[in-house]
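Trainee: Could you take me through the aromatic side chains here, one part at a time? I would like a close look, and then the setting around them.

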Amino acid sequence: GCAAVAVAASIGRAIPQLLWLAREWTEANLARLFEGGAIQPALRPTWGMYVTGTHLRGPGFPVLRPWYAAAAAAAAAVGAGGSSSLQDTEGALTHALAEHVIVAVMRGLCAAGDADRVVENTFCRAPINARTHAYWLVFRNWSDGPAEAVAKMSANVIAFWDWRVGEIERQAPSDERDQDADGLGILIATPHLPPADTIRLGRRTVGLLRAKHRTGTLAWERLGDLARVDAAGTFEIVSILIDLELSSGQVYLPFDEVAPSLRAAIAARGLLRDRVLALIDRLGVADL
């Protein structure tokens, strides 16, 4: 009855500790604890309470990976219009799943192309706001964390970004694709990623946008840093974002944040300088 459900939920929150203190018992009972939890979380709450109530612990991921894969497959079935009776009306499980999986991606514990498709099923079928939250988590962790620690994981994030933007590029233009690309654009603002990769993937990401979104608002400061490395490549991103602002009817371009990337492009001279000055002329006559 209700007491059993409550105990099962409590066990879910304690899974990381149980893996440390009673690993053999936990591994032996994972099927009994987690079976059906991604489909009927109200009746089988151990998985749901684990994924929503804890943070991913790297040493436990290989043991729990089959259950991550099962949960991702359940989310994929629902997203594809399958007959699953997934009871996740507010998206709490898929949000938490995306958060755990993106942390695993950062740490190199899983990647797109793995046989169980845990990454593909999570990020192709989870709601866009769940994906965006996961990208935001990367940005926040890397903004607050020491550069030496996160730099070791940069190749994992770049590989994920490359895969994800390729998936979005294959979609037909739509408002949903815009939102997906805009969420991924948070990675442009993420510090400590290699400048060349950020510029390359950032250009592909903003090139998918058909309207103004929040990518520019977040990315201007980082774009100024990137322009000092590659003024021409960064200007390709900057010009797209400014064009989207100008076409929006509600233009917001903070001078102190936008100017550094434009100054770097002007200093490069040649054709690039002419393109920047032409863009500045457009800004001069725009109704800002």
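**Aromatic rings and their setting**

Mentor: Start with a charge over a ring. Arg 164 lies over the face of Trp 163, 5.5 Å from the ring centre. Keep in mind that this is a predicted model.

Now the ring-to-ring contacts. The structure holds 12 aromatic pairs. Take Trp 47 and Tyr 50. Their ring centres are 5.6 Å apart and their planes meet at 50°, so the pair is tilted. An angle over 60 degrees would have made a pair edge-to-face, and one under 30 degrees stacked. Both residues sit in helix H4, which covers residues 45–53. They are 3 residues apart, about one turn of the helix. Trp 47 and Tyr 50 are both buried.

Compare Phe 123 and Phe 160. This aromatic pair is edge-to-face, with 75° between the planes and 5.0 Å from centre to centre. The pair links distant parts of the chain. Phe 123 belongs to helix H7, while Phe 160 belongs to helix H10 (residues 154–169).

One aromatic cluster is formed by Phe 34, Trp 47, Tyr 50, Phe 61, Trp 67 and Tyr 68. Phe 34 brings us to helix H3, which runs over residues 23–34. Arg 32 is found in helix H3 as well. Arg 32 has 59% relative accessibility, so this residue counts as exposed; the cut-off for that class is over 50%. From Arg 32 to Leu 277 is 66 Å, C-alpha to C-alpha. The two are 245 residues apart in sequence.

The C-alpha trace spans about 70 × 40 × 30 Å along its principal axes. The secondary structure comes to 16 helices and 0 strands. Of the 288 residues, 47% are buried. Look at contacts between residues at least 6 apart in sequence: 73% of them join residues at least 24 apart.

Next, the surface and the charges. The protein exposes about 13700 Å², and carbon and sulfur atoms supply 55% of that area. There are 28 positive and 31 negative side chains. The centres of these two sets lie 2 Å apart.

Finish with the backbone. Most residues other than glycine have a negative phi. Arg 117 has a phi near 55°, a positive value. Its loop runs between helix H6 (92–106) and helix H7 (118–125). With a relative accessible area of 33%, His 192 is partly exposed.

Technical notes:
Residues are numbered from 1 along each chain as its sequence is written. This is a predicted model: local features need pLDDT of at least 70, side-chain atom pairs count only at pLDDT 80 or more; totals for chains, interfaces and linings use all residues. Side-chain values use heavy atoms; hydrogens and water are left out. Helices (H or I, at least four residues) and strands (E, at least two) are DSSP runs, numbered from the N terminus. Buried means under 20% relative accessible area, exposed over 50%, partly exposed in between (1.4 Å probe, protein chains only). Contact means heavy atoms within 4.5 Å. Accessible areas come from the Shrake-Rupley method with a 1.4 Å probe; for residues, only the protein chains shown count as cover. Lys and Arg count as positive and Asp and Glu as negative; His and the chain ends are not counted. The place of a charge is taken as NZ of Lys, CZ of Arg, CG of Asp or CD of Glu. Rings of Phe, Tyr and Trp (its six-membered ring) pair if their centres lie within 6.5 Å; planes under 30 degrees apart count as stacked, over 60 as edge-to-face and the rest as tilted. A charge sits over a ring if NZ of Lys or CZ of Arg is within 6 Å of the ring centre and within 35 degrees of the ring normal.
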